[in-house]
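Have the model open as you read.

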Amino acid sequence: MKKNLFAAILFFIAVLCAGCGMKTSLPSWRHEGFAQLENYKKNFLAGREQVAESHYRKALEEVKRSGDIITISKIYLTKTALHVASLRQTTNDDYLILEAIERDNENQNFYIFINGDFSRVNQNLMPPRYREFLKAGLTGDLSFINKALAEIDDPLSKLIAIGIIVNKRIYNERTLETAITTASLNGWHKPLLAYLAKLQAFYESNNQKDKAELTMRRLKAISN
Amino acid sequence: MQDKNAFKVGLFVIATTIIVSSAIGYLIHKKGVFEKVYTFTLAAKTGDGLTKGMPVLFSGFTIGKVDNVELNDQGIVIIKIKIPKRHSKWIRFDSTFSFDKPLIGAPIISVKTENMSSRPLSEKDVLEIRTVNDINEVIKRIHPILDTITRVAGNIETVSANVAKLTGTFSSKSSILEMAVNDPDSVKSFHESMKSMKVITSRLEDTLKKVDAMADKTDTKIYGSEGALSLANNILKDLIAKLQNLDTTVSNINTISNSTAESTKDLKQLRGEIDITIYSIKELAAKIDDMLPLKKRSDIKLP
């Protein structure tokens, strides 16, 4: 019994040391920047715009302390991606200004991707979660695209991908319902409302008045 | 004794005789009896008006007189003038003599000397005298005026004749207007317009009376004790009273604002301290995070 306990303690200490050895300490601005950015994403998608904006500003403030242009560009691109995911218009001026100062291939590649110019995207520079979707997007085959969308694990990435494809006007009922389900599961009120409205418009344009009516009622019921 | 008296009488007589003679002599001297007199000769075409004893004037002062007027063999009038020595200096060889016959007053001979430095006139020289006849000059000037007057009189006669004709024409017209316009129809229509103008004027008068009455009422409604102006006055007074109250309130608000400003400063300081505390806690959390094994690295990445 004593031996087992002694062994367990030794093991715990070893793991602790291993953990300490593996991790290198990040600078505080990166910690803080990351935390603020996460809060921004959470609040933006939840529809709490003012709070989200405050966190966004703080995230930028933290990262700007370092003067790291590439990381600051990532923050701008994150904002753009969130707007695309929520089917909202936004400008890319902030990112473009920084791209002119210091260009990063990964950032530039992502920028091209969220603007829907799939033919110019370098697949190797894309995060793995988007690669299948990118391939499907290049084909333009809606069933292939919907399948690829369903395979994206990360909900935000999924929503971003759907936003890109809807902006390119390549979508159907299933695409929009995937977006609605994802937003609903995560309590993301802003994209939820946007995709419901899009679905209603889709039904109306396809002369499915009953479904359109039902969607409109659902929309009204969940709106503030 | 008688001899003495006779001597005294004789002395008296002699003295008196001397005195009187002296006086007379003095007077005669002053009168210029013993003064030398120059005789100058003048010539004229006509002696009309010239008389002996006629004064000779220089600058308005009598300096001599005409002594003699006679006709010579050539039919020229020779005039002798006597000038006493004391006045002879005014007579020069280039002096001009003129015989003036004024409209009013006696004729005279006047002398004008331009250059006093020229040589004196000699008694042997003969100067021509110029005649200035005022009456003749006036008559000469009147003649053209009289001609003009005659012509004007003739014109007046003609105009009078025309006026008489015009009067005759006008007397046949019924009104001055017809005289002026010379068109009976237009005169008639003018009279008719004047009649309708009368009607319009009387209607206007009625309207003005009504307006006047309305103005009176309006006056009362505006200026009367219960009029709009009085009401506005009351409202203004009320407003002033309320504004005064408001002033007090604003002063109080000011006081409160000042106190709040002070408190705000404290709040800012408090907030600063809270921020510092939060950051310290965050840093501590980050350090603990780093210490925990196998925890996911929190780094900024693309979504």
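## Helices of chain A

In helix 4 of chain A, A:Ala81, A:Leu82, A:Val84 and A:Ala85 meet A:Leu156, A:Leu159, A:Ile160, A:Gly163, A:Ile164 and A:Asn167 of helix 9 of chain A, where contact means heavy atoms within 4.5 Å. Helices (H or I, at least four residues) and strands (E, at least two) are DSSP runs, numbered from the N terminus. Before going further: this is a predicted model, in which local features need pLDDT of at least 70, side-chain atom pairs count only at pLDDT 80 or more, and totals for chains, interfaces and linings use all residues. Residues are numbered from 1 along each chain as its sequence is written, chains are lettered from A and ligands numbered from 1 in the order in which they are written, and side-chain values use heavy atoms, with hydrogens and water left out.

Two packed helices are described by the angle between their axes and the distance between the axes. Axes are lines fitted to C-alpha atoms, for helices over the stretch in contact, and angles run from 0 to 180 degrees between N-to-C directions. Here are two such pairs.

| Helix pair | Angle | Axis distance |
|---|---|---|
| helix 4 and helix 9 of chain A | roughly 65° | within 7 Å |
| helix 7 (residues 131-139) and helix 8 (residues 142-151) of chain A | about 165° | 8 Å |

Helix 7 of chain A is therefore roughly antiparallel to helix 8 of chain A, a label for angles over 145 degrees. Helix 4 and helix 9 of chain A, in turn, are roughly perpendicular to each other, the label for 65 to 115 degrees. Helix 4 passes helix 9 of chain A in a left-handed crossing, and the crossing of helix 7 and helix 8 of chain A is left-handed too; that means the near helix is turned anticlockwise from the far one by less than a right angle. Among the residues of helix 7 of chain A that meet helix 8 of chain A are A:Phe133 and A:Ala136, and the helix 8 side includes A:Phe144 and A:Leu149.

Phi of A:Leu87 is near 55°, positive even though the residue isn't a glycine. A:Leu87 is partly exposed at 22% relative accessible area (buried is under 20%, exposed over 50%, partly exposed in between; 1.4 Å probe, protein chains only).

Then there's helix 11 (residues 189-205) of chain A, whose end C-alpha atoms are 24 Å apart, in agreement with the 24 Å that its 17 residues should span at 1.5 Å a residue (the expected span is 1.5 Å times one less than the number of residues). Its buried residues, including A:Leu192, A:Tyr195 and A:Phe202, pack against helices 2, 3, 4, 9, 10 and 12 of chain A.

## Strands of chain B

Strand 2 (residues 55-58) and strand 3 (residues 61-71) of chain B run antiparallel, joined by four bridges; strands pair if DSSP finds at least two bridges between them. B:Leu57 stands opposite B:Thr62. The hairpin has two residues between its strands, and B:Ser59 in the turn has a positive phi of about 55°. B:Ser59 is exposed, at 60%.

Strand 3 of chain B also runs antiparallel to strand 4 (residues 77-84) of chain B, with six bridges, and B:Leu71 stands opposite B:Val77. This hairpin has five residues between the strands, and B:Gly75 takes a positive phi near 85°.

How values were computed
Angles under 35 degrees count as roughly parallel, over 145 as roughly antiparallel, 65 to 115 as roughly perpendicular and the rest as oblique.
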